[in-house]
Amino acid sequence: MSSTSSLFRANFNDLTIVHGIRAAIAFALPLLIGQYTEHIELSILPALAGFFITLIPGGIPGSYGDKFLAMAIATIGSASVVWIGILSNQIPWLVVLLTFIVIFITTFAGVCGNGATASGQVIAIFWLISTHLSSNLELAIQQFCLILLAGAWGTIFSLSGWVFYPYRPVQKSLANSYRILTKFLETVLEEEMNDEDKLWDTITSKAQYKAGIAIGETRQLWHNVWRSQKGFQQKGKRLLLLIQKATEMYREIITLTEVIVGRGKHPELIKIRHELTQALQSLTQAMKILDDVLESRDLDERRQITRETLIILDDVQQQMQELEKKCRKWTNSQDAKLGEMSEKTAHFLPTLFTALRNLAKQINSTINLLLDFKSEQQVSVSINSVPFSSPNFSIWETLSNNWTFESVTFSHALRIATVASFAMLVSASFYWHRGYWIALTVLFVLKPDYGATMQRVAQRISGTVVGAILAAGLVLNVHDLRVLLGIVIIVALLAGAIRLVNYALFILLLTLMVIVVLNLSKPGNWYLAEVRIFHTLVGGILVVISYYIWPIWQRRYLPKRMAMLLQASLTYFQAIASAYQGKEQSLKTRNVMRHKAELASANAMAATERMSQEPKRFQGDLEGSIALLINVNSLISTVTSLSYHLYRFQPTNSFPGFDRFVQQVTDTLQNLTHFYQMGTALAPLPDFNQSLDLAEDYVESLQNSDSQKVQDLTFVVAQLNRLADEVKGMYQALK
């Protein structure tokens, strides 16, 4: 019972009522017109087209332009395949062949992004549906035109705010970034404050990279919208400044985490742990309201929230002052032992306090910007130093680069097209009524990875069974067409709203909607519930069998992901090291390198997580992969902390031992990359202590010099020691 209920467990924070309303209205209009003109049967397919086009490509994250392109492709593609399907469905071998071609193309096109994936899904749905319709030229022309009209209606209705609110998608994405940033800080509190390890927790790493990717996507979305507008509008400038503020908050949280993780066992941090926890809790509470202020349209409400938050930030400032007083007292203690200990370890405290104050300052300035969000006062902001993650390859280059069995997308597209075609062949051979439901199950259940596939099989079957039973009871007891029409529109609204909440719940509502809408033209077809359940079970069994016959195990693809991660991390490290050596490195270049390293880490982490869900006998060295990932994530965070420290440390030339250390790290990371790329043997680890001892001796020789310089150098050397530990950990993970 508990395992069954877990399939329907939902996070209702992802509920999108507005999206559900749009999908329901796009679905309802063709049906209402069909009822009014007494051609309800002809209106069913256009109604489904309006629903799916609005729901899937209309729901992708992106600008209005991206949504429009995806919805337009889905509309034209769906109408075209329905026309072809109706005219060819009397030739079984042709249907099977075309199924393979359509499913392969629409699935493989997913390498071009979310828009292509969403459009492809809708086109594939209507191709499979069309194979069940009567072969009739007049019907083909009618449905072609009606689907075009339904898709156009759904597109116009969904994108009505484009002209008046072009930056609304950016605003929503920014609000989501605030929520993910807050979750990152909460994770630091929960996972790191009482953790004595010297490496970042995997949960913290995931939270960090989700935050980095969310901010990067928001920044890129802003860029796409800005390019489509005629001028650099005031609201666009303000949003860009808010995105930059979010980026600064992200960096400050990373710095805080670096101090907490790297200095967790030090006496000074242990003594202030309670006060530090309170300060971080207050900052978390303040950050939680950022998305509320951003999305609120009521100025009085924004001002009220702002007043409450400023009180919280004032408390944080007072807590910081008290902490600094305590730390100064400990540092000036007459106890020689404690004094010696403080001398060696207290240098990190200014970094900690600076990061806390800066985070509070960024939250405060962000709230002030949000409070005057509609103000016309000039906002000074430049896009010259802002990194954008525009694709480096054209569509054709992307497709050609993935036209290989080394590409997961290519292998998956080939497999799913083969299995779906086989499903159509089976249904045609046995003359099964609505046998395309088997292929539809294959289309949406068979995933590139084992864990997601098995989860989808369970969710699809359970949702279909419950939804079909409810639908059968409904159509047997309700015979009024208008009541059924009202019910199916409400169910469509709920299905659209709950789509991202839980797949099993979505399938439950979708099954209910489909069976009821098919009964509008032919009342009493309760047996469709049995047919739907049977075909879903057949499709699920076919998927499970096909995965074991034609598996895509992650151990085959993970080495490539790891090599890309190591190379991206090395490039990022070299960029920051060059800046410390006095070589010019722009902020934009450093940010781009960081973004690429974080993206590579997220991809490798996702592949490792998928591998952990596979049967153990098919896994590779899972423990070694996880250990390597943890160390690489920690290394990227340490380099990010060094990057942020550059504004305080701007040398004209490097200090003793630094150049040698950089070369040692570079050689080791290159060796690890070659290990994954070409299977070369691991070279012995260099002696990092020789380089680090030179650096530490240099810092000690400056003890009577400028205290700020000594403080800065102490921080840098401490980070280099962490880097050495992380590189050693990566090496040990592969031995």
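**View A. Tryptophan 162 sits in the loop between helix H7 (137-158) and helix H8 (168-192).** This and the other views show a predicted model. With a relative accessible area of 31%, tryptophan 162 is partly exposed.

**View B. Arginine 179 and aspartate 291 pair through their side chains in a salt bridge (3.2 Å, N to O).** The two residues come from distant parts of the chain, 112 residues apart: arginine 179 belongs to helix H8 and aspartate 291 to helix H13 (residues 290-295). Arginine 179 is partly exposed, at a relative accessible area of 37%, whereas aspartate 291 counts as buried at 8%. The structure holds seven salt bridges, and the next two views show others.

**View C. A salt bridge joins the side chains of glutamate 406 and arginine 556 (3.8 Å, N to O).** Here both partners sit in loops, glutamate 406 between helix H17 (395-401) and helix H18 (408-429), arginine 556 between helix H23 (528-549) and helix H24 (558-580), so the pair ties together parts that are 150 residues apart in sequence. Glutamate 406 is partly exposed, with 44% relative accessibility, and arginine 556 is partly exposed too, with 46%.

**View D. Within helix H29 (residues 707-734), glutamate 726 and arginine 722 lie four residues apart, about one turn of the helix.** They form a salt bridge whose closest N and O atoms are 3.3 Å apart. Both glutamate 726 and arginine 722 are buried.

**View E. Helix H28 (residues 688-701) has 14 residues, and its end C-alpha atoms are 20 Å apart.** The buried residues of H28 are Phe688, Ser691, Leu692, Ala695 and Val699. Seen down the axis, the buried residues of H28 fall within an arc of 95°, so they line one face of the helix. Glu700 and Ser701 are exposed on the face turned away from that buried side. At the start of H28, a side-chain oxygen of aspartate 687 comes to within 3.1 Å of the backbone nitrogen of asparagine 689.

**View F. Asparagine 477 belongs to helix H20 (residues 450-477).** Asparagine 477 is exposed, with a relative accessible area of 63%. A polar atom of its side chain lies 2.6 Å from the backbone oxygen of glycine 473. Glycine 524 is 47 residues from asparagine 477 in sequence, yet 9.4 Å away in space, C-alpha to C-alpha.

Note on methods:
Residues are numbered from 1 along each chain as its sequence is written. This is a predicted model: local features need pLDDT of at least 70, side-chain atom pairs count only at pLDDT 80 or more; totals for chains, interfaces and linings use all residues. Side-chain values use heavy atoms; hydrogens and water are left out. Buried means under 20% relative accessible area, exposed over 50%, partly exposed in between (1.4 Å probe, protein chains only). The expected span of a helix is 1.5 Å times one less than its number of residues. The arc is that of the directions from the helix axis to the C-beta atoms. A polar contact is a pair of N or O atoms within 3.5 Å; within protein, one must be able to donate a hydrogen and the other to accept it, and residues adjacent in sequence count only if both atoms are side-chain atoms. A salt bridge is a side-chain nitrogen of Lys or Arg within 4 Å of a carboxyl oxygen of Asp or Glu.
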